[in-house]
Amino acid sequence: MIVERGASAATSGVYPTIKRVIDLVVGVILLLLLSPLLAIVALVVRLDSAGPALYRQERVGRGGSRFTMLKFRTMKVGTPV
């Protein structure tokens, strides 16, 4: 079997575009399916202790760009880090 070297679909920009679309579609579907469970977890955290159910944390992403990540709070409010 002879494999031709050169530009392929993986390097030409088609593959990254298709992968991004699939990632977004799967992410939205999973978010919709899991949203009732996430709402229940948020309610349990909220009922367990005072304070917000979600914790905001700043992270550094690809290329050094900063973004805010939301996480469920697992510690009491005011606990030293």
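Start at leucine 34 in helix H2, where a kink of about 50° lies shortly before proline 36. This is a predicted model, and H2 is the part of the protein chain where confidence is highest, at a mean of 95.

Now step back to the whole protein chain. Its secondary structure consists of two helices and two strands. Read from the N terminus, the order is α-α-β-β. The other helix, H1, spans residues 9–12 and has the lowest confidence, with a mean of 60. Across the protein chain, pLDDT averages 86, and 85% of the residues score at least 70.

The strands come next. S1 covers residues 54–60 and S2 covers residues 66–72. They run antiparallel, joined by seven bridges. Five residues sit between the strands of this hairpin. Among the hairpin's residues, glycine 63 adopts a positive phi near 75°.

Tyrosine 55 has lysine 71 in S2 as its bridge partner. Glutamate 58 is partnered by threonine 68, also in S2. In a regular strand, side chains alternate between the two faces of the sheet.

Stay with glutamate 58, which lies in strand S1. Leaving aside residues up to four places away in sequence, glutamate 58 touches Arg66 and Phe67. Methionine 69 is 11 residues from glutamate 58 along the chain, yet their C-alpha atoms are separated by 6.1 Å.

How much of the protein chain is buried? Buried residues make up 6% of its 81 residues, where buried means under 20% relative accessible area. The exposed surface comes to about 7400 Å². Carbon and sulfur atoms supply 67% of that area.

Contacts complete the picture. Take those in the protein chain with a separation of 6 or more: residues 24 or more positions apart account for 19% of them.

How values were computed. Residues numbered from 1 in each chain as written. Predicted model: local features only at pLDDT ≥ 70, side-chain atom pairs only at ≥ 80, totals over all residues. Heavy atoms only, no water. Helix = DSSP H or I, 4+ residues; strand = E, 2+ residues; numbered from the N terminus. Buried < 20%, exposed > 50% of the residue type's maximum accessible area, 1.4 Å probe, protein only. Contact = heavy atoms within 4.5 Å. Areas by Shrake-Rupley, 256 points an atom, 1.4 Å probe, with all protein chains shown as cover. Bend = angle between axes of the 7 residues up to and from the residue. Pairing = 2+ DSSP bridges. pLDDT = per-residue confidence, 0-100.
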